[in-house]
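Please keep the sequence and the structure in view while reading.

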Amino acid sequence: MPLPHAPQQPTQQEIVALRERYRVERERRVRPEGTAQYRSTEAEFGYFAADPYTDEVTEREPLHDTVDVAIVGGGFGGILAGARLRRQGVATVRVIEKGGDFGGTWYWNRYPGIHCDIESHVYLPLLDETGYVPEWKYAPGEEIRRHAVRVAEQFDLYEHALFSTAATDLTWDQAAEQWVVGTDRGDAFRATYVITSTGTLSEPKLPGIPGIEDYRGHTFHTSRWDYGYTGGSPEGGMDGLTGKRVGVVGTGATGVQVIPMLAEDAGHLYVFQRTPSAVDVRGQQRMTPREVGADRPGWAGERRENFLRICSGEEAAQDLVADRWTASAGLLEKLLPSFRRHGEPDFEAAYEAADHATMNQIRARVAAEVTDAATAAALTPWYRYACKRPTFSDTYLPAFNRANVTLVDTADSHGIERMTERGVMVGGVEYEVECLVFATGFSVGVSGITSGKLPVTGRDGVRLMDTWKQRGPRTLHGFTSNGFPNLIRMGSLQNASSVNYTHILDEQALHAAALVAAAQEKGAVIEPAPEVEDAWVDVCAQGAPDHAWFHAECTPGYYNGEGRGRPNGPTAYPHGAVAFHDLLRRWREENMGEALRAKEWARESVSVR
Ligand code: NDP
């Protein structure tokens, strides 16, 4: 994928001025506490993390039975793993999910205006298999949630599923060659294989604003929307907000979707902004099945592969999705370890010119759409593309032209100063609000195995995180680790990534299900030998791009540890998702048998090959 078109090369003077502007704007926002500026909703504010979408949790007896596969997480990762396992003929698959139903992020996030900004025809998985064709280019959240349910129903995942249940520990029983799965509902059931897919952005976080506990108005996080208070639905119509003064904190991808909806329904809306998002054109439109090629079998697979190729920097004969993601795909090079051109002569200069062109276009759009000059200036993003998650909206910027919307820029005070009983203080001014919505995002890396919240005890009582703390993460393809037989971890660690993450999850699910099916057939245990892990860690390390400088210069956010820098090094497969999927496909064809340790070997040696 070529870099986005730069109409003319910026002069050296322009480059120097822009770099300086970026530096100054970054300094205005960096906080010395880094990620410690946030507070965990789960640990500190239980009501912020409670499930508003399940009225009553059904009482049940703890389970002590045995299943073939336990899957931790009922989002798209878990659902896809379940679907692919069922397709492989695996009999009993039990999904363990904290929420009251399948859907993961789409279960929890139901805020007004929620949509996915990745095209629905590439984001929704298993469209070919379910025969479903979305109507809109960008699907509403509820449609995506229902698709998750549709897939779970079609592949019989409800029968053994445990909802409103969190896995608390996984312990390998060597004698039985089974995992014992503990949960917060007292279960201790057994599974021959365990697959984990626990997501990365699952726990809502709150800013550690002084006085946050003092606020007496109504408040909630966008991922736990209180329709009982606001009225309405994700389509709007929030009559509970009529005539009310409402505040919203946060202008990231969620804020950009929810703010136009709140602006429609609130008496007055105060938007508390620290960093403006880069808001690009969205271009929502209805699309007929014919337009997306849904009259041909295999259409959805081809379309998402095409999107993946473009967003991974691979050549593609045509651009089927043709939106602002694909138009700017060349500028995702610093975010996703896929593009291999950063060492080429003049590449960085061309990259910087293309970045200027794209960001200047995004900045010009603010000036064109927002009538008040001071508001437009505050909404203008001064950082490089992909420093923060790009956003897409055609209603966000015009919302600030409404008489009932006030933008309160908090950058000079590094965020909101404090909260009072009545509202929010910024620059010494108290903004009284009856309702305050936190669109403040999610803690990163606090769920699942790597967070330590789901302790895993493998062979000989060894804890997975103890070994990883000593030597760093060690896996084969990110999925499996020596000493932890029949445990398959889904996620981006030492694996691949993309902006269209459901595609990544589906490829992971295919691989996980193939491993389980082959192990069942051969009566084998899935476990890589230490030297196989060493080789994979080397593969990840050798090509790891050095993008630390880029993230160090970026405005703070969760992409760069709130300004502290992004971890470099062997955290992902460095040659991109397309190459990784090819590698997995070949590996399955050529080597899978060798990585499965036949049972009879198990008693003699831990080596695989
Ligand atoms: P983000 O973490 O992206 O944004 C949080 C917002 O809260 C930021 O604007 C942040 O400001 C602001 N904030 C935090 N602390 C303070 C403070 N003390 N004072 C003022 N403002 C503060 O969370 P989101 O929920 O918006 O998005 C999270 C992720 O969810 C996205 O990156 C994306 O991956 C996903 N998402 C995807 C969508 C899709 O369509 N596919 C839609 C929505 C979300 P600052 O920037 O200065 O830190």
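The ligand lies between domain 1 (12-40 + 204-282 + 346-438) and domain 2 (66-201 + 444-521), because both domains give residues to the shell around the ligand. The domain bounds come from an automatic or database domain assignment. This is a predicted model, in which local features need pLDDT of at least 70 and side-chain atom pairs count only at pLDDT 80 or more, while totals for chains, interfaces and linings use all residues. Residues are numbered from 1 along each chain as its sequence is written, and side-chain values use heavy atoms, with hydrogens and water left out.

The two domains can be considered next. The centres of domain 1 and domain 2, taken over C-alpha atoms, are 32 Å apart. Where the domains meet, 16 residues of domain 1 are in contact with ten residues of domain 2, contact meaning heavy atoms within 4.5 Å.

We now turn to the ligand. There are 27 residues around the ligand, each with a heavy atom within 4 Å of it. Those that come nearest are Asp117, Thr254, Thr275, Lys388 and Tyr558. By class, the shell has eleven nonpolar, eleven polar and five charged residues. Here Ala, Val, Leu, Ile, Met, Phe, Trp, Tyr, Cys and Pro count as nonpolar, Asp, Glu, Lys and Arg as charged, and the others, Gly among them, as polar.

A polar backbone atom of His115 is 3.2 Å from an oxygen atom of the ligand. For Gln257, a polar side-chain atom lies 3.4 Å from a ligand oxygen atom. Ile416 has a polar backbone atom 3.4 Å from a nitrogen atom of the ligand. On its own, the ligand has 920 Å² of accessible area, of which the protein covers 89%; such areas come from the Shrake-Rupley method with a 1.4 Å probe. Strand 7 (203-207) and helix 10 (253-265) are the elements that give two or more residues to the shell. Helix 10 provides the largest share, three residues. Helices (H or I, at least four residues) and strands (E, at least two) are DSSP runs, numbered from the N terminus.

Two strands pair if DSSP finds at least two bridges between them; strand 1 and strand 7 pair over three bridges. Within this pairing, Tyr38 stands opposite Pro207 in strand 7.

Technical notes:
Polar contact = N/O pair within 3.5 Å; in protein donor to acceptor, adjacent residues only side chain to side chain.
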